[in-house]
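Please work through each task before reading its solution.

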Amino acid sequence: LQHYEQVLRFKPECDASVRVGLGVCCAKLGQTVRARAAFMRALDLDPDKVEAVVGMTLLDLASIPRGAKDRIARQKEAVRRLTTLRNVTNPMVLNHEANHSFWKFNQQRGWRAELEEGSMELVLHKHTEEADDDAAAELSLESLTEILAVGVPIRLGGGTPKWQDKIMEVVERKDSEGSETLKLLMRRPWDKPSESLVPIYCPDYKKVEQHAGTAFHYTTVSEIKAESYFLLGRADHSRNNLKRAQGYYSGAIKHFKTFAPAHYGLAQMHLHNHEYDKAIQCLKDCLADSPDTLEALHLLGKLYRQKDQGDKALVHLKRAVELHPENAEVWLTLAQVLQSSAKTWTHAQIRETHEAYSNAVNLIRQRAAAGAGSNKSRKDLDADIPAAVFTNLGTMQQMLGKKNEAMESYLAALKQAALNSPRRESKAASICEPANQVFWEWEDLPGEVSLEPDSGDVSSTEDLRKLVSNYAMLRILIPPPTKDAMNGGGVVPTEESTSNGASSASSPGSSPTDWMRVDVHGESPIAASVVPLKTPYHGTIPLRDTRAQRKVTRVSVNEATKTTCFNLAILHEELGEGLAAVELHRAIINHFPNHIDAYLRLANLYKNMGVVKKAIKYCEAAHERSPSDPAPLALLGNMQMELAQLRNEPKRLEPAKNALEKIQKLDGKYVADPFCNLSIGNIYFSNLHQSEPAAYTKHLQWSEQFFKHVLRGHSSNAFAANGLAMVLAEGGHLDMVLAE
């Protein structure tokens with residue numbers, strides 16, 4: 001910079017090249033105002049100075065804020081300068097034209113798209129366009145086929161695009177007389193109503209190859225050759241020609257070793273080939289030259305996470321969110337790495353993970369709202385958020401004690417799962433607690449039904465055999481009582497008062513007394529117009545010509561929803577919804593018989609409800625399912641000990657001791673387990689005055705041995721020290737109690 005300034009002092013009338021050199025130096029030093037002034041002075045001296053035009057274009061592009069609403073328009077305006085240059089063989093101009101062509105979506109004149117709702121196929125038909133002198137010529141089928149290769153992005157609709165996706169496969173090409181069509185298979189289905197004659201826009205990668213290839217042959221500068229190679233590689237990369245793309249990226253690096261975009265492109269090729277170490281090295285090289293590259297930081301964080309190097313992943317991901325806090329995908333990856341790398345949770349780690357998940361969800365919702373306006377529902381805003389993200393967010397909220405927010409997140413996860421689950425009829429024994437209503441809903445049945453007093457059949461005006469099956473759950477609308485019924489003193493049955501079935505939540509907008517639930521018989525055949533009930537209707541007022549609904553399952557307990565259901569059941573426990581928790585745990589066990597944690601939660605729930613036999617039954621069932629797992633035996637032993645104390649039933653101490661001794665026999669490492677030894681010591685001490693006098697001394701000695709055994713391995717165990725003190729006091733050694 002100093003040398004250029006000296007030249008200008010000695011010869012102010014020098015040509016535009018000196019001004020360009022001065023501008024480049026200022027731009028490198030971050031002095032953008034001086035750089036812009038230097039380039040503008042160079043253009044005053046030589047309006048066709050290519051380097052000055054390119055410099056001004058790059059400064060204009062760099063000055064556009066990342067989130068600006070007019071970003072695309074300003075980019076187009078900046079690049080338009082390059083098209084005014086008369087020197088079409090300048091390699092710098094050609095490379096910039098190639099880069100512009102890569103991003104520019106051009107209308108494919110002479111062709112329109114036909115789209116069918118829910119279909120992934122895009123059918124293009126020949127269409128005669130209106131005459132326009134400034135418009136490009138209509139494309140032939142041959143030219144269109146060359147442009148629309150696999151991997152090329154397509155936009156549909158002019159102005160604001162209606163839809164954008166990439167071509168997955170060119171399915172069919174027809175060139176019959178009078179009819180030319182091209183059928184493409186896209187990556188996702190058209191999710192709007194069927195349309196026809198929709199304009200098509202896509203970039204022309206042939207122009208990219210033409211401009212970049214010409215630039216490569218017109219220059220001897222290695223850096224410009226590297227840029228040409230990179231542009232050629234990126235075009236092939238987009239069209240899934242990965243082998244050629246890798247060659248171009250490698251060639252770019254040979255010509256320009258610190259060219260960050262080429263290193264990033266080559267890293268993607270290595271990633272596709274499962275060469276993860278090479279990909280990591282390429283990303284490191286990219287960041288060495290351009291340390292704030294978001295894509296490289298994000299991808300490197302993902303790769304380190306895959307290699308179980310969570311600390312390194314966090315360094316890069318935290319840097320990425322620091323640079324670009326508006327990027328939802330980076331926040332989501334950061335949250336997942338924080339969650340997977342936490343071995344023992346601290347409050348700070350929980351808060352940090354919760355913040356990352358919350359930011360990711362909020363940013364995705366903001367992006368969805370910005371794309372569709374303010375009339376979008378919460379369901380639409382959440383459409384792009386995976387159910388697993390809501391589940392993990394709910395877990396963090398639950399750990400922080402934000403139970404209401406956790407409930408909202410779990411329900412959102414299950415509603416997302418419901419979008420991909422077929423609705424099916426619910427059985428009477430299925431999930432039915434009001435707190436679990438996200439799993440089911442009532443669906444109207446066609447026609448009208450009637451139910452007479454003391455009758456065991458529901459008659460219908462429609463054939464319900466295809467809609468109602470054995471063990472199904474129905475509910476019948478109770479009409480308002482007639483004047484005769486009221487004068488006769490008859491009682492209108494309600495869901496709470498009827499003897500047929502348990503109470504059930506009513507539909508929105510109706511009171512609990514509007515409906516009566518009935519259960520379909522499990523074995524009696526269902527006739528065309530008669531549905532047999534499990535128990536007769538004992539009401540005194542006939543229900544005639546009224547409506548009926550069947551209960552259908554919205555969300556099933558399956559592999560995708562298992563974790564959400566389990567977490568929701570635990571949340572129900574914390575909120576005091578014991579019955580709702582029980583039925584969820586039981587549903588998990590029905591679908592996943594080896595889910596040991598659900599057995600243990602059920603056992604604990606039944607113990608707290610006072611249903612001891614069921615509690616013990618589930619502990620024993622868990623042990624049968626997983627004989628090598630000490631958790632069921634530990635819970636069983638602890639439960640028997642608590643019951644022995646609470647109910648004054650010393651006979652339970654023996655099965656408690658047996659369960660704990662089984663743990664020690666599972667593996668040698670459990671012989672010195674402090675929980676087992678401490679518990680067995682407590683059992684012997686608790687049984688001192690229940691056993692025969694001859695066994696008193698023996699049990700006291702054994703109790704002392706177990707407590708000492710715990711203290712030898714864990715000298716700071718206060719429970720063992722307290723137990724030993726009680727043994728000494730029981731033995732009359734009061735002088736030693738305080739010492740212990």
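**Exercise 1.** Determine how many aromatic pairs the structure holds, and classify the pair of tyrosine 229 and tyrosine 248.

*Solution.* The structure holds 13 aromatic pairs; rings of Phe, Tyr and Trp (its six-membered ring) pair if their centres lie within 6.5 Å, and planes under 30 degrees apart count as stacked, over 60 as edge-to-face and the rest as tilted. For tyrosine 229 and tyrosine 248, the ring centres are 5.7 Å apart and the planes stand at 45°, so the pair is tilted. Tyrosine 229 belongs to helix α9 (residues 222-238) and tyrosine 248 to helix α10 (residues 242-255), so the pair ties together parts 19 residues apart in sequence. Helices (H or I, at least four residues) are DSSP runs, numbered from the N terminus.

The model is predicted: local features need pLDDT of at least 70 and side-chain atom pairs pLDDT 80 or more, while totals for chains, interfaces and linings use all residues. Residues are numbered from 1 along each chain as its sequence is written, and side-chain values use heavy atoms, without hydrogens and water.

**Exercise 2.** Classify the pair of phenylalanine 230 and phenylalanine 259, and state whether phenylalanine 230 is buried or exposed.

*Solution.* The ring centres of phenylalanine 230 and phenylalanine 259 are 5.6 Å apart with planes at 75°, so the pair is edge-to-face. Phenylalanine 230 lies in helix α9 and phenylalanine 259 in the loop between α10 and α11 (260-272), 29 residues apart. Phenylalanine 230 has a relative accessible area of 11% and is therefore buried (under 20% relative accessible area; exposed is over 50%, partly exposed in between; 1.4 Å probe, protein chains only). Ring pairs link Phe230, Tyr249, Phe256 and Phe259 into a cluster.

Conventions:
Helices (H or I, at least four residues) and strands (E, at least two) are DSSP runs, numbered from the N terminus.
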